[in-house]
Amino acid sequence: MLDNMSPNQRLMIAVVLSIVFFVAYTAIFPPKQPELVQDDKKSQSVQFSKDVEKPTLSQTAEEMVGHTISKEEKISTSASSTIATIKNENFILKIDTLGRISSMELLQDKFKNKDGKHAQLISAFGTKPLYLRFLEESTSKEATSVAYTSDNSLITLSDTPQKITLTQKLSNLTVTKELTFYPDGHYDAHISLSKDKRYFVYLGQRPKVNEKEQMMTVVGAMVYTDDEIATIIEDGDAEGRKSFTGVELISAFDQYSASIMYNFSKDTNIIVERDRDSNPIVYFDAMPDMKFSGYVGQKEYKTLKSIDPILTNAIEYGWFTFAAKPLFALLSWLHGILGNWGWSIIALTLIIRAILYPLTYKGMVSMQKIKEISPKIKEIQAKYKGDPQRMNAATMDMYKKHGANPLGGCLPMLLQIPVFFAIYRVLLNAVELQGAEWILWVDDLSRMDSYYVLPILMGASMFFQQKLTPNNFTDPLQEKVFKYLPVIFTFFFVTFPSGLVLYWFVNNLFSIGQQFIVNAQFKNAKDAEIALAKHKKVEKKDD
């Protein structure tokens, strides 16, 4: 059966089967949740425990540091042992007895998770930002049993940054962390040791605000180097140990938020390893006197740019970054004018359609011409059924005679694919859409339409567009599959962010309008041709 299908027919079936597969696979096999990290003494690399189930707080600490913990140590590594709290109107950040950032709670309502709780950016399990591990086993073991102290237990940030000093006094070493926190969520770190010992500073696990990530969302770790190359290691794809130098920033990120460290010296050795689930773990080889900066928060473009323009590279657009970045810049500019992200998406769609109008117009005209000559093409196919070469030659002559391009309808669609995926990545990763209202029932463009209005309208517009668009199907199966595409796409888009569905719906409306224009032009031309033929017939009769 497949041998008798044209390439277009096989492509159509492949698209449908791919959509059905991804939807079914995501529903049946949800993403695995990462386990707890531990320190392998033999390899000095980060591994995950294979036999930990439902760990207690003390067990998770033991797995992380790689040895048995005494009662005193269990107290110091308890999740409730907070030694410093930094707060302002937007967040509450906590530091625990291991000198780590143990909690980062966002207080804005628009950043609440799907359960209605404030977003917590620091994972409960695994390594946390600013965790120190020493190469020397005895020192590393002692460091997990001696609690840090802080010179200030509570800081309230307003307009000016404030500093706290954390101190850990070991038997033969004193560790000092001077941390300066800023109201926008970033911090400066200065770590110093009283003796020269080799140690590592961890970036921490990526945020996990929502248990289920949006389909096609990239999550994991990023290493951005000074040659403007972003190396992204997605969860599940980490392979062994990789080292980087000349690094501008490192990031552990999910869809909207990230833990970032930057402002390293160029010779800092950044290391990425894999855990038992092949998820990336990032840390760096630190100096006895080490200065760097960090940020924990949402990947909001304006915020990151105001802190340091280099941080805007932490916003991940994948392969389509080259197109996505300028599209987001245009979308932000439109928002500055219109003041509403929903109307900005509509305006952006209009601009994209206007730019692509010449291409789409040529494609629609070509489709109309092919529709008109399709009866003659069928006659040729029947006439030369046993002679493929003569049939192809006669078919191409017919196309050439009527100015029809058999690829004219496909080429514009292929050229639009990068644009679609670029705008998809922009709308999927734009944290600015969180809590952004449009009109009436749409009160959050980053989340699915809870009333399913936009997906249904999108599907209906797609169905109506099919009715208007001429086709030259010769296979009944292909025609049936094509008719069901609006239904499949409707279900496919139900869980997509409202902003993305809005773009696709408005894009369909513009396509429908453009198709109306082309259809009307061809109808007028056809009517004029018929009228001219009648006029000539009357004149000939009068003669």
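Buried means under 20% relative accessible area, exposed means over 50%, and partly exposed lies in between, with a 1.4 Å probe and protein chains only. Take Leu-338: its relative accessibility is 43%, so Leu-338 counts as partly exposed.

Now the ground rules. This is a predicted model, where local features need pLDDT of at least 70, side-chain atom pairs count only at pLDDT 80 or more, and totals for chains, interfaces and linings use all residues. Residues are numbered from 1 along each chain as its sequence is written, and side-chain values use heavy atoms, leaving out hydrogens and water.

The overall picture. The protein chain has 543 residues, and 49% of them count as buried. Its secondary structure comes to 12 helices and 20 strands. Those are DSSP runs numbered from the N terminus: helices are H or I with at least four residues, strands are E with at least two. Accessible areas come from the Shrake-Rupley method with a 1.4 Å probe, and for residues only the protein chains shown count as cover. Contact means heavy atoms within 4.5 Å. Among contacts in the protein chain with a separation of 6 or more, 64% are between residues 24 or more positions apart.

Back to Leu-338. This residue sits in helix α6. With Trp-333, Ile-337 and Trp-343, Leu-338 makes a nonpolar surface patch of about 460 Å². Patch residues have over 30% relative accessible area and no salt bridge; like charges are joined within 9 Å, and nonpolar side chains (Val, Leu, Ile, Met, Phe, Trp, Tyr) within 5 Å. Which helix gives the most to the nonpolar patch? Helix α6, residues 321-338, with three residues.

Ile-377 lies in helix α7, residues 341-383. Its relative accessible area is 7%, so Ile-377 is buried. Leaving aside residues up to four places away in sequence, Ile-377 touches Thr-395, Met-398 and Tyr-399. Take Met-398: 21 residues along the chain from Ile-377, with 7.6 Å between the two C-alpha atoms.

Thr-303 is in helix α5, residues 301-307. At 18% relative accessibility, Thr-303 also counts as buried. Its contacts, not counting residues up to four places away in sequence, are Asp-184 and Tyr-295.

On to the rings. A pair of aromatic rings is described by the distance of the centres and the angle of the planes. Rings of Phe, Tyr and Trp (its six-membered ring) pair if their centres lie within 6.5 Å; planes under 30 degrees apart count as stacked, over 60 as edge-to-face and the rest as tilted. The whole structure holds 14 aromatic pairs. One of them, Phe-181 with Tyr-187, is tilted, at 5.9 Å centre to centre and 45° between the planes. Phe-181 and Tyr-187 are both buried. Phe-284 and Phe-292 have ring centres 5.2 Å apart and planes at 80°, so this pair is edge-to-face. Phe-284 and Phe-292 are buried too. There is also a cluster: ring pairs link Tyr-424, Phe-489, Phe-493, Phe-496 and Trp-504.

Arg-133 lies over the face of Tyr-283, 5.6 Å from the ring centre. The test is NZ of Lys or CZ of Arg within 6 Å of the ring centre and within 35 degrees of the ring normal.

Last, salt bridges. Side chains of opposite charge can pair when their charged atoms come close. A salt bridge here is a side-chain nitrogen of Lys or Arg within 4 Å of a carboxyl oxygen of Asp or Glu. The structure holds nine.

Arg-241 bridges to Glu-273, with the closest N and O atoms 2.6 Å apart. The pair links distant parts of the chain, 32 residues apart: Arg-241 in the loop between β14 and β15 (242-244), Glu-273 in strand β18. Is each end buried or partly exposed? Arg-241 is partly exposed at 47%, whereas Glu-273 is buried at 2%.

Lys-266 forms a salt bridge with Glu-248, closest N and O atoms 3.0 Å apart. Lys-266 lies in the loop between β17 and β18 and Glu-248 in strand β16 (residues 247-253), so the pair ties together parts 18 residues apart in sequence. Shared partners join Asp-226, Glu-248 and Lys-266 into one salt-bridge network.
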